[in-house]
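Have a look at it, then read on.

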Amino acid sequence: MPKKLYIKTYGCQMNVYDSVRMADALAPLGYARTEAVEEADFVILNTCHIREKASEKVYSEIGRLRPLKTTAAAEGRQVLLGIAGCVAQAEGEEMLRRAPAVDLVFGPQTYHRLPEMVTRLLAGDGRGLVDTDFPLDSKFDHLPEESAGQGAAAFLSVQEGCDKFCSFCVVPYTRGAEFSRPVTDIISEAERLVAGGALEITLLGQNVNAYHGEGPSVASPIPASKTWGLGRLLRRLAEIDGLERLRYTTSHPRDMDAELIATHRDEPKLMPYLHLPVQSGSDRILSAMNRKHSADDYRRLVGDLRNARPDLSLSSDFIVGFPGERDLDFADTLRLVTDVGYAQAYSFKYSPRPGTPASDIEAQVPESVKTERLTALQQLIGAQQLAFNQGKIGARLDVLLEKPGKRPGQLIGRSPWMQSVVVEAPERLIGHIIEVDIEAAHGNSLAGRVVTLDYRPDSTVASTVFEQTGAA
Ligand code: SAH
Ligand code: SF4
Ligand code: F3S
């Protein structure tokens, strides 16, 4: 009988991708993914350590899962509980002590060894395996091929880890040193994803634009560099037939090089939306954060990007209440937000993380001040987001339909600018790019009416859409 694997994913898109790859790694052992935790033989929590709240969630979830294990055991069935991801990496052995229900703990760089770990556990080779190495060879050299089951909008990890050591951040410790996958591996994975139905691929990396992967040798009288940057990689991927949209995330302002900016100018498949976290608008705070750029560097960069691609919209991450942040510093952040104008942005209260330099700074900001600043920032960003969305009313946008909406008959897709778009359309249109006339805008979404099915000259679905919705 096939065994059932349930994976719950927390944190960033890299974790989402890793969960897919863990399932790939376990498929040869007969594990198939399930959405129903009660029927699982193996439960994995793929965890996030970025802020305190994110880490705490893991222990409460383990508490909820414990009865499931005991009930199964009473029925003579063994349920394994594995903790993966960044909390696993950060806490290692400690997790086994704190949560005895846990059978194995493994980090983001060792999940290719899952089959071996599971075989050992099932053979009764002790409970409590821990594997939080940073192996010298990459997991990508050991994982089976992508199962190509990600649907129309797929993720592809091209870069891992981080060498930037921003003073607030755990990622360099949980994900390890920066590493770029070779170009040919990425191209074949992208081709498989497209063959499996992907129209859009988002390249992932903790520092994705620091990508510097080994490329194939180029037969040319002038020796071409064997190391490819992200711009060159994107241009090559754009040549794949059937791939319509490219995105990448997350970028660091310091790694936005001229070639990447030029790719935004030249490559229509590269979508006009960029997540470019700045964290703060105050040079004092940026320096204490070890970001190594000023607020004006960021303003200039945004100017260059918009010169290259005038319809580019931006998103960012912000931290409020970083140690030592004064009202003046926070006012600088609001000024930067006003100057740039975001299509959306994420903002967080600073959360001291064990082992990071900023957690030792004495001048921590009181919780009430953090709350006040977060509210003010989110109000400003929310207003910008609504204005950006309202600017699309009356426009005809290409929308990649991804999933059913909340109400029957509704589907949800994404505009080129990452906006959620709700339309009435038949479910079989999921996985297609269609044209939509935008009729309404809200804070977090757009609503519109389907015009026609685009990009698929061979499709008979378009005429069906006219019949079903009456839209023309
Ligand atoms: N690699 C990305 C982001 C990684 S984490 C980058 O360089 O921007 C995602 C976001 O979480 C960060 O951009 C930051 O805004 C936030 N974050 C990271 N550590 C945090 C902390 N200790 N407290 C609050 N927010 C944090
Ligand atoms: Fe964390 Fe900074 Fe690296 Fe981003 S660049 S992952 S914020 S250390
Ligand atoms: Fe969280 Fe790890 Fe991603 S800490 S944000 S899951 S890299």
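At 10% relative accessibility, Cys162 counts as buried, since buried means under 20% relative accessible area, exposed over 50% and partly exposed in between, using a 1.4 Å probe and protein chains only. Cys86 is buried too, with a relative accessible area of 9%. As for cysteine pairs, the structure holds 0 disulfides, a disulfide being a pair of cysteine sulfur atoms within 2.5 Å.

Before going further, some housekeeping: this is a predicted model, where local features need pLDDT of at least 70 and side-chain atom pairs count only at pLDDT 80 or more, while totals for chains, interfaces and linings use all residues. Residues are numbered from 1 along each chain as its sequence is written, chains are lettered from A and ligands numbered from 1 in the order in which they are written, and side-chain values use heavy atoms, with hydrogens and water left out.

Cys162 is one of the residues around ligand 2, along with others including Cys166, Cys169, His252 and Arg291. Cys86 sits in the shell of ligand 3, where you'll also find Cys12, Cys48, His49 and Arg175, among others. A residue is near a molecule or strand if one of its heavy atoms lies within 4 Å of it.

Ala, Val, Leu, Ile, Met, Phe, Trp, Tyr, Cys and Pro count as nonpolar, Asp, Glu, Lys and Arg as charged, and the others, Gly among them, as polar.

| Site | Nonpolar | Polar | Charged |
|---|---|---|---|
| Ligand 3 shell | 4 residues | 4 residues | 1 residue |

Now for some strands, which are DSSP runs (E, at least two residues) numbered from the N terminus. Two strands pair if DSSP finds at least two bridges between them. Strand β17 (residues 396–404) runs antiparallel to strand β18 (residues 410–414), with 4 bridges, and Leu400 stands opposite Arg414 in β18. Their hairpin has 5 residues between the strands, and there Gly409 takes a positive phi near 90 degrees.

β18 also pairs with strand β19 (residues 420–424), again in the antiparallel sense, over 5 bridges. Here Gly413 faces Val421 in β19. In this hairpin, with 5 residues between the strands, Met418 has a positive phi near 70 degrees.
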